[in-house]
Amino acid sequence: MKSKKITFSLAERLLNLIAPRSCVMCGSRLTISENTLCADCNMHLPRTNYHLSPTDNELVRIFWGRFPITSGTSFLLHVPSSASARIIYELKYGNKPQIGLSLGKAIAEEYLPTGFFNGITALFPVPLSRRRLMQRGYNQSLEIARGINTATNLPIIDGAIKRRRFRSSQTSKSRIERNENVANDFKLIDQQKINGQHLLIIDDIVTTGATIVALATELLKAPNVEISVFTIGVANSLVA
Ligand SMILES: [Zn+2]
């Protein structure tokens, strides 16, 4: 019998020597067994653990009365300017799509044994407008979905919805203004792709919920669609 100890290939060890990776939260150098986050930062993440009560928690309550949500979770409580907020910032604005991929995979591996993905039939990353996609070079929600896919094998549905408009930062607008602002952004263009599916909407962060409400409302125009939600972060001001 071979030893079950985790081993690293020569290529992996060489790569670690010539291209040392650093922790996205604290910047310290990662060991070969660490990915994206060092062990210390990983241990101190403000995890919500909403996935342990997926049908009734602070995240799903944000959507009650706005659209019928089956289950949902956010991995982290997002506190602006905190150490962990850097993960989301780097994922969105740091040109680091690999953060989405590795976080998505790590979280999915953590959630799988709890049954969080039971009943979900496909992953649905929040689409970006064409212009925003060209500007950023990648869709961070799609990268998260790719990571979840590698751990769960759940298919990713892309292209059923078109995101129409592009606008600059919404941070200075009120919640009502933002709701109105995104309400007509999404357009269902291929309902065959989502017909009969239980979709897990994937997003980076929930700041008001308006984007997810707008997307879910459009997805629910297709027959027999069920919606659950997964995000990396949820603004602490929303769930406090
Ligand atoms: Zn760290």
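**View 1. Cys23 is a buried residue that helps hold a zinc ion**. In this predicted model, Cys23 has a relative accessible area of 2% and is therefore buried (buried means under 20% relative accessible area, exposed over 50%, partly exposed in between, with a 1.4 Å probe and protein chains only). Cys41 counts as buried too, at 9% relative accessibility. The zinc ion takes its protein donors from Cys23 (SG), Cys26 (SG), Cys38 (SG) and Cys41 (SG), which lie 2.3 Å from it. Donors here are N, O and S atoms within 2.8 Å of the metal (3.2 Å for Na, K and Ca); water is not among the atoms, so sites may look incomplete.

**View 2. The zinc site has a tetrahedral arrangement**. Why is it called tetrahedral? Because the four donor atoms around the zinc ion subtend angles of 103 to 117°, and four donors count as tetrahedral if all angles lie between 85 and 135 degrees. Along the chain, the zinc donors follow the spacing C-x2-C-x11-C-x2-C. Cys23 sits in the loop between helix H1 (10-18) and helix H2 (39-43), while Cys41 is in helix H2, so this pair ties together parts that are 18 residues apart in sequence. Helices (H or I, at least four residues) and strands (E, at least two) are DSSP runs, numbered from the N terminus.

**View 3. Phe63 and Phe67 make a tilted ring pair**. The structure holds six aromatic pairs. In one of them, the ring centres of Phe63 and Phe67 are 5.4 Å apart and the planes are at 50°, so the pair is tilted. Rings of Phe, Tyr and Trp (its six-membered ring) pair if their centres lie within 6.5 Å; planes under 30 degrees apart count as stacked, over 60 as edge-to-face and the rest as tilted. Phe63 is buried at 0%, and Phe67 is buried at 6%.

View 4. Tyr111 belongs to helix H5 (residues 97-111) and Phe230 to strand E6 (residues 226-235), so the pair ties together parts 119 residues apart in sequence.

Residues are numbered from 1 along each chain as its sequence is written. Local features need pLDDT of at least 70, side-chain atom pairs count only at pLDDT 80 or more, totals for chains, interfaces and linings use all residues, and side-chain values use heavy atoms, leaving out hydrogens and water.

Technical notes
Four donors count as tetrahedral if all angles lie between 85 and 135 degrees; four count as square planar and six as octahedral if opposite donors are over 155 degrees apart and all others between 65 and 115; anything else is irregular.
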